[in-house]
Amino acid sequence: MSRLLSYSLKSSLFKNGLTWKSTRALAWHTTARYLSTPSVAAAARERMYRFADVNPLYPSSLSPEEKLAKLGLEVSEETVEIAKIFGGSIALQTAHVESQAEKDFLNKALEDASKKEFSAEEKKRMLKMMIESEALDKFMGSKYPFFKRYSGEGCEALLPCVDSMVSACARNSANNVVIGMPHRGRFNLLVGVLDFPARALFSKIEGNCELPPQYDAFPGDVASHLAQSVKLGSVSVSLLHNPSHLEAIHPVAVGKVRRKQELFSASSPPHPEALRSTIPLVMHGDAAFAGQGIVAEAINMASSPGFDVGGTVHLVVNNQVGFTAEAHVSRSSMFVSDAAKGVGSPIIAVNGDDPEAVSKAMSIAVEYRQKYGKDVFVELICYRRHGHNELDEPAFTQPLMYKNIRSRTSPPRVYAEKLKEEGVIDGDFVTQVTESAKEKYNEEKNAVSEYTTPSKVAFGGMWHQCGVTEPSSETLDAYLSRPISDVLNFDHPSNPDTGVLVEELREIARRSIEVPENIEVHPRLQKMYVKNRLEAIDNNKGVDWATAEAMAFGSILEDGYCLRMTGQDVERGTFSQRHAALVCQSTAEKFMPFKDVEKTNNSNFSLYSSVLSEEAVLGFEYGYSINDPNQLTLWEAQFGDFFNGAQIIFDNFISSSEAKWLRQTGLTVLLPHGFDGAGPEHSSCRMERFLQLADDGFSSRNNRYNVDKIVPGDSGDYQGHNMAVVNPTSPAQYFHLLRRQVMTPFRKPLIVVAPKTLLRLREAVSDMDEFAPGKRFQHLLFDEVTPDAKTMVICSGKIYYDLAKKRAEAGIAKEEAPIVRLEQLSPFPTSALAHLMSGFKGDKVVFVQEEPENNGPLPFSLPRIEAAMKYNQHLSHASLDVVSRPPSGTVAAGYRLRHEKEVKELFGAFTNAIGGGQ
């Protein structure tokens with residue numbers, strides 16, 4: 001029976017009651033939407049993909065003449081030849097491609113490829129790869145029978161596919177390939193193409209750590225997420241670490257490529273030669289490609305300014321079944337790769353039993369990408385010999401499919417028979433290669449006991465300064481003997497001096513708002529934005545958040561670092577505060593003053609308002625940030641809680657990549673936060689989720705730190721921790737945080753609880769001397785603690801300004817109720833807080849937050865505050881009270897009267913707690 005609708009959907013269509021007649025009508029209807037050419041030959045080229053012999057499980061029995069007849073096309077010598085080429089082992093889908101030039105190129109490329117003959121040595125090379133891949137699977141199956149290897153059996157053509165891509169890159173001026181792929185076939189590719197030592201793989205399977213010995217404290221990751229970087233001829237190939245969340249690696253790989261291209265061209269955006277120099281190869285599974293929304297997000301932004309890499313080569317490995325879900329369950333579209341049609345990318349389907357066709361298809365894809373700079377999709381149609389893993393029984397759910405699969409000769413053997421018939425190999429070739437592979441794998445397994453992961457796999461090249469060092473061994477007692485000012489300003493690599501000469505900052509601030517005479521700035525911006533900034537820097541006070549950010553950006557650029565910022569509204573800023581891009585009111589021309597801040601090389605600054613996506617964009621930025629440490633990469637959410645659309649990226653990359661893979665990132669995330677009546681989705685950045693992800697060394701079991709290992713300014717010593725979560729309350733604090741990100745000798749993610757109302761609050765400004773040399777980020781800000789203090793108030797974030805106001809309104813002096821601001825929440829400044837509490841003689845500590853009790857900093861902070869109190873024995877009888885909104889299933893009220901009632905109750909409780917209500 002001919003396959004009309006899909007390479008693999010046929011059987012499932014009949015299960016759902018569709019008849020031969022109805023499927024044929026549906027196929028004709030769909031094709032007719034695209035058919036616009038009057039040429040019979042052109043129609044044959046455009047439509048023949050529906051009858052191409054690309055499915056190894058359901059080979060076509062139709063002759064070229066029969067295929068033409070079913071398409072209603074004239075049978076002639078020309079069209080029969082076209083049917084042979086376009087209806088063979090390679091199928092082109094180009095009807096949705098808008099450019100006729102691109103269609104003509106692809107058609108000619110396939111016609112030329114049909115005439116190409118591989119040499120005997122090339123054919124032997126492909127066969128050898130496939131045989132060795134099969135032998136590796138069988139070896140692991142016998143030696144490690146209970147290990148889930150996610151084998152490549154049924155898709156051994158993946159190896160010559162990638163090998164041919166690397167060769168095509170070398171022929172087409174590309175010297176770098178970055179690969180993102182899921183787990184299936186990963187071991188086969190690692191060992192068979194990417195020169196990964198089999199002994200290293202077997203060592204990992206046998207339970208050993210894959211990280212170098214000096215990093216044995218890190219937990220590492222599972223074997224199916226292993227990575228490799230290797231030079232294959234003239235092409236450097238990097239296979240990235242991946243999580244088990246299928247498709248999440250897609251934008252990560254593309255983001256890393258973008259940064260490589262910028263370094264190659266020393267410019268942003270990269271020049272055309274740089275775009276051609278580095279190619280992302282992203283592999284997909286069939287069910288994941290159709291089912292995961294991140295695919296559509298990433299494809300949609302492929303040509304967007306700031307995210308364009310000159311095209312990605314996509315390889316969709318179509319196993320024709322998901323975990324246990326058949327094609328009609330996995331997608332609503334006709335074909336696996338239909339998502340590509342929405343962006344006009346060509347689709348090249350190829351039969352996985354025909355490695356020569358696979359090699360040709362990949363070569364066509366690379367040539368197209370290099371010529372047109374667009375995404376291209378190769379669909380490798382194969383099958384999965386086992387279940388989702390080798391311990392599954394797939395016949396439970398797909399009995400007929402697996403009856404077919406188990407009756408089939410494996411792809412290496414199919415190809416071997418073909419080469420025997422051609423006289424390329426003799427009858428002993430397969431046996432010799434198989435036995436040689438077995439012997440090699442046995443030798444590698446025997447070498448496992450002596451294998452040690454080489455140090456070069458971590459912190460090499462530009463990352464050499466970023467390895468983890470031993471923390472200070474200074475005891476807490478010695479630490480507490482210092483004055484608190486020395487503690488917070490201790491010169492430590494984790495918290496360096498980030499100040500800049502005031503005159504330099506003034507110049508940067510001025511240049512950040514300079515525009516040419518031909519740019520007509522909006523009158524309101526001229527008054528509120530330009531004038532206010534000039535007044536602040538001239539008067540040495542009143543520096544607001546946006547000005548502090550501009551000075552941080554400019555000084556970072558002048559120090560020689562690259563700076564990139566993206567997000568949905570970053571050019572203007574969600575709250576109209578940044579205006580890094582000014583639009584001429586008469587011509588709509590966009591001018592970016594920051595490009596002129598760095599006088600010597602303005603290519604180091606890039607600012608892009610992104611597509612309306614969180615997961616794909618953040619994944620891209622993470623990938624961009626891990627390429628090298630000499631840059632500051634920022635992503636800003638439109639509102640703080642919108643990050644949750646990218647939770648997978650935070651969980652599986654940003655917070656954990658160093659612990660799993662020894663891959664550091666300095667990615668900085670800005671999440672606007674604040675309870676101002678905006679409702680459940682515009683109030684909270686849900687900082688509690690990031691604090692839950694944070695490892696700051698605190699153990700809830702004994703409610704204290706290992707005090708023998710606390711270093712001066714322990715909250716600043718976050719080199720040994722996975723990330724920092726901060727809630728700054730002044731522009732100067734924000735300035736120092738941004739500069740700290742590039743000035744530490746390591747890179748860690750920085751999660752900034754960013755302001756909304758503080759952007760324009762008159763009290764939330766800084767003087768110019770707060771940015772001067774000798775200044776640095778303060779983990780705590782506090783009122784002086786005097787002997788008169790009865791209550792110590794601890795808070796974090798913008799609520800400080802409300803508390804200070806309410807305290808004054810209640811007639812309570814700050815000496816009686818000093819307020820301590822937790823500017824950094826993780827790593828928590830427990831030692832600094834314990835030091836501050838050593839001078840507190842009152843009997844009450846009150847923690848105040850505006851968030852509900854089950855949200856915000858409270859769940860994370862409370863046990864750490866208790867630890868600081870317990871260390872000070874004179875506070876053993878002091879109470880620790882909490883003032884917050886009550887626990888809630890939603891973070892904020894959705895109507896004004898409820899919000900106002902909660903605010904009144906919150907500050908009433910605070911006033912009572914500090915003695916103002918008595």
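Reader: What is the radius of gyration of the protein?

Author: This is a predicted model. Its secondary structure comes to 34 helices and 22 strands. For 918 residues the globule rule gives 29 Å, and the protein is close to that, so it is as compact as a globular protein of that length. The radius of gyration is 31 Å.

Reader: What share of the residues is buried?

Author: Buried here means under 20% relative accessible area. The C-alpha trace spans about 100 × 70 × 55 Å along its principal axes. Of the 918 residues in the protein, the buried share is 62%.

Reader: What share of the contacts with a separation of 6 or more comes from residues 24 or more positions apart?

Author: A contact needs heavy atoms within 4.5 Å. Among contacts with a separation of 6 or more, residues 24 or more positions apart account for 81%.

Reader: Is the pair of Phe-105 and Tyr-368 stacked, edge-to-face or tilted, and why?

Author: A search of the whole structure finds 22 aromatic pairs. In this pair the ring centres are 6.5 Å apart. Planes under 30 degrees apart would count as stacked and over 60 as edge-to-face. The planes of Phe-105 and Tyr-368 stand at 45°, so the pair is tilted.

Reader: How many residues apart are Phe-105 and Tyr-368?

Author: Phe-105 lies in helix α6 (residues 100-115), and Tyr-368 lies in helix α16 (residues 355-372). Tyr-368 counts as buried, at 0% relative accessibility. The pair links distant parts of the chain, and the separation is 263 residues.

Reader: Which residues do ring pairs link into a cluster?

Author: The cluster joins Phe and Tyr residues through ring pairs. Its members are Phe-139, Tyr-144, Phe-202 and Tyr-441.

Reader: Over which ring does the charged end of Arg-864 sit?

Author: The charged end of Lys-371 sits over the ring of Tyr-372, 5.7 Å from its centre. For Arg-864 the distance to the ring centre is 3.6 Å, and the ring belongs to Phe-860.

Definitions and conventions
Residues numbered from 1 in each chain as written. Predicted model: local features only at pLDDT ≥ 70, side-chain atom pairs only at ≥ 80, totals over all residues. Heavy atoms only, no water. Phe/Tyr/Trp six-rings, centres within 6.5 Å; stacked < 30°, edge-to-face > 60°. Helix = DSSP H or I, 4+ residues; strand = E, 2+ residues; numbered from the N terminus. Buried < 20%, exposed > 50% of the residue type's maximum accessible area, 1.4 Å probe, protein only. Lys NZ or Arg CZ within 6 Å of the ring centre and 35° of its normal. Rg over C-alpha atoms; globule rule 2.2 N^0.38 Å.
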